[in-house]
Structure formats: C-alpha cells, structure tokens
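Here is a short report on one protein model.

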Amino acid sequence: MTIHGALFENNIKNTALIFEGGGMRASYSAGLLNNLLEHQLYFDYVAGISAGASCSVNYLTRDTQRAKRSFVDVVKDPKFGGWGSFLKGEGYFRAEYIYEQTPYPDAALPFNFKAFKANPAKLRIGAFHMKTGQMKYFSRDDIQTLQDLMKIVRASSSLPIFMPPAHFKDAVYVDGGLGGGVALDIAKEDGFKKFFVVLTRPKGYRKQPVKHPRLVKAFYRKYPLVAEAMLNRYKLYNDTLEELEELEREGKAFLVYPNMMTVSNMEKDYQKLKESYRLGYEHGKRDILTWKAFLERK
C-alpha cells in the first residue's frame with residue numbers, strides 16, 4: 001500500500017468505535033468492519049479487547065483482506081492450532097505463531113505496520129495483568145515496533161486455560177475479556193460520550209457463572225486474582241451490557257449485534273467461518289444507512 005497523507009484522514013471524531021472480543025465469533029465482526037471501511041467510515045478512536053484487538057488494528061490499516069483472513073482463511077494454516085497444540089502446551093490457538101510470526105511481509109498474514117503508524121487515530125487495547133488483577137489499556141505510546149504491537153494484541157487475546165499467558169515488558173497478561181470484554185470503560189475515561197459498539201453475541205445474551213469454580217481456582221492457584229476475575233467476569237460483562245443498553249436508549253450508543261451467531265469462540269471449520277463472515281458482511285451492507293444516520297447526529 002502506498003501511503004498518502006490524505007488516505008489516513010479520519011472523518012468520525014466524536015464517537016468511539018469499540019470491538020468486543022469473542023475469539024472466532026469475530027469472523028462476523030470482520031464482515032461488519034469491512035463495511036465500515038468500504039463506506040469510508042473512519043473513526044479517530046478505536047478500542048478493542050481480545051479478538052476485538054485484532055479487529056481494531058486491522059481496521060486502522062484499512063486492510064479489508066487481512067480483516068477477513070485473520071478470522072476465516074487463517075484456520076487453513078496447519079500451524080494455526082487445535083487440541084494437538086494444546087496438549088503440547090502451545091495453546092489451542094498457537095499464539096506465538098499467530099501473533100508473532102505471521103504478521104511479517106513474507107509470512108502468512110502480513111500486517112502493514114507503516115499504514116498502521118500513518119493512521120492518526122487513537123488506539124486502546126486491553127489486557128489483564130495477572131499479578132495486579134487489573135486491566136492494562138495499552139496505547140500508541142506503548143508501540144514502537146511491529147513486534148510491540150503484536151505482543152500487545154497477543155496479550156489481549158490469550159484465552160485463560162486454553163492459551164499460555166503472554167509476556168510484554170516484564171509483565172504477564174491473559175485475555176482482556178477478564179476485565180469485562182467490552183472496552184466501554186476506557187472510552188469513557190478517554191472522554192467519549194458517544195459509542196459505536198460491534199458486539200459478538202446476539203441481542204439479549206447474558207453471560208452465566210462459571211460452571212466449575214473449583215477447577216478455575218485450582219488451575220490459577222498461583223494467580224488468585226486471575227481466578228477471582230474469571231469467577232466474577234459474568235457480573236462485570238452483564239453490567240456493561242446493561243450500561244450499553246441504557247446508553248442506546250439515550251441515543252448515545254449504537255449497538256451492532258450479530259443477527260445470528262453460528263460459530264463458537266474456538267471454531268476451526270473454514271466453511272462455517274466463511275459463512276459467518278458472509279452473514280456479518282451482508283448485515284453491514286443492509287444497515288449501513290442506519291449506521292451513517294447515527295454517526296452523523298451531533
């Protein structure tokens with residue numbers, strides 16, 4: 001991509017774009033995301049957690065192909081993961097490979113870091129600090145290199161139990177979903193009062209308590225704050241949804257729910273993911289005028 005200054009002018013400055021996590025459910029989000037890009041809806045502020053972090057950085061490069069490939073085509077890569085890699089201790093999703101080896105120019109999922117740097121939009125990526133039990137929201141100040149960026153996205157996306165923790169600058173992180181899963185808190189802290197939120201669960205969904213709390217406590221006996229966050233996550237997530245729904249009633253938020261969610265967060269079936277992307281893309285195509293109407297409102 002040739003980088004021209006005008007290409008990276010952003011035209012939506014009063015609204016925060018927020019991508020929810022959800023693993024491979026973000027195949028649907030990628031279809032929605034590509035409608036934003038194709039209709040030149042360029043937000044000046046983007047926040048994401050877990051799979052939403054990958055969506056955020058792909059959005060900022062304006063690379064529609066990578067946005068799709070990250071959650072669809074990637075599963076055809078034999079190095080992507082599965083139960084075999086999980087049993088070897090590499091994680092169900094092989095995070096080191098996916099985030100730290102594929103983004104380079106001659107690798108499987110090249111990432112245009114120059115384009116990312118040329119986009120002036122503010123970025124926030126959330127990860128959960130295992131020792132402090134607090135969310136860490138990274139910004140562009142933390143990113144000097146492609147390696148920095150991808151380590152941060154990996155930290156945000158390291159599913160508890162199913163993926164090994166991620167290390168970045170002498171700290172250890174797991175999936176930012178433990179802090180709720182939707183980065184509304186940091187967008188508010190950064191001064192935003194209007195929100196466009198891409199969710200990965202159908203309208204009306206509420207998270208249930210963990211089924212086996214003793215197993216969680218045993219697995220994270222050395223990190224009790226991680227176990228505590230996992231056990232309390234459903235409350236925090238549901239409270240965030242309640243707040244988002246209230247903001248929507250007040251006309252301050254637009255919530256994009258998937259019309260149907262046909263894949264799980266750990267889906268590896270290419271055809272199912274391809275169909276999920278198609279459903280998201282068609283959804284965006286149908287609703288784009290409604291999105292624009294909300295975004296144009298002062």
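In strand S2, Ala-47 is the bridge partner of Ile-18. This is a predicted model, in which local features need pLDDT of at least 70, side-chain atom pairs count only at pLDDT 80 or more, and totals for chains, interfaces and linings use all residues. Residues are numbered from 1 along each chain as its sequence is written, and side-chain values use heavy atoms, with hydrogens and water left out.

**Strands**

Helices (H or I, at least four residues) and strands (E, at least two) are DSSP runs, numbered from the N terminus. Two strands pair if DSSP finds at least two bridges between them. S1 and S2 pair in the parallel sense over three bridges.

How many of the residues of S2 (residues 45-49) are buried? Five of the five are, so S2 is largely enclosed by the rest of the structure. Buried means under 20% relative accessible area, exposed means over 50%, and partly exposed lies in between (1.4 Å probe, protein chains only). Both faces of S2 are covered. Tyr-45, Ala-47 and Ile-49 are buried on one side. Val-46 and Gly-48 are buried on the other.

S1 (residues 16-19) also joins S7, through four bridges. These two strands run parallel. Ala-16 stands opposite Phe-195 in S7. S7 in turn is joined to strand S8 (residues 253-256) by four bridges, again in parallel. Here Val-198 has Val-256 in S8 as its bridge partner.

Which way do the residues of S7 (residues 195-198) point? Phe-195 and Val-197 point one way, Phe-196 and Val-198 the other. All of them are buried.

**Helix packing**

Two packed helices are described by the angle between their axes and the distance between the axes. Axes are lines fitted to C-alpha atoms, for helices over the stretch in contact, and angles run from 0 to 180 degrees between N-to-C directions.

| Helix pair | Angle | Axis distance |
|---|---|---|
| H1 (residues 26-38) and H11 (residues 270-296) | about 40° | 6 Å |
| H1 and H2 (residues 51-61) | roughly 20° | within 11 Å |
| H2 and H7 (residues 146-157) | about 150° | 7 Å |

Angles under 35 degrees count as roughly parallel, over 145 as roughly antiparallel, 65 to 115 as roughly perpendicular and the rest as oblique.

Take H1 and H11, which pack at an angle of about 40°. That angle makes H1 oblique to H11. Their crossing is right-handed. A crossing is left-handed if the near helix is turned anticlockwise from the far one by less than a right angle, and right-handed if clockwise. Contact means heavy atoms within 4.5 Å. On the H1 side, the contact includes Ser-27, Tyr-28 and Leu-32. On the H11 side, it includes Leu-273, Tyr-277 and Trp-291. By class, this contact of H1 with H11 has ten nonpolar, eight polar and two charged residues. Ala, Val, Leu, Ile, Met, Phe, Trp, Tyr, Cys and Pro count as nonpolar, Asp, Glu, Lys and Arg as charged, and the others, Gly among them, as polar.

Next come H1 and H2, which cross at roughly 20°. They are therefore roughly parallel to each other. H1 passes H2 in a right-handed crossing. Ala-26, Ser-29, Leu-33, Leu-36 and Leu-37 in H1 meet Ala-51, Cys-55 and Tyr-59 in H2. The contact of H1 with H2 divides into seven nonpolar residues, one polar and no charged.

H2 also packs against H7, at about 150°. That makes H2 roughly antiparallel to H7. H2 supplies Ala-51, Ala-53, Ser-54 and Val-57 to the contact. H7 supplies Leu-149, Val-153, Ser-156 and Ser-157. This contact of H2 with H7 has five nonpolar, three polar and no charged residues.

Asn-11 sits in the segment before S1. At 46% relative accessibility, Asn-11 counts as partly exposed. Not counting residues up to four places away in sequence, Asn-11 touches Gln-40, Leu-41 and Tyr-42. Asn-11 and Asp-44 are 33 residues apart in sequence and 7.2 Å apart in space, C-alpha to C-alpha.

Is Gly-204 buried or exposed? Gly-204 is exposed, with a relative accessible area of 55%. Gly-204 lies in the loop between S7 and helix H9 (213-219).

Val-216 lies in helix H9. Val-216 is buried, at a relative accessible area of 5%. Not counting residues up to four places away in sequence, Val-216 touches Val-210, Ala-227, Met-230 and Leu-231.
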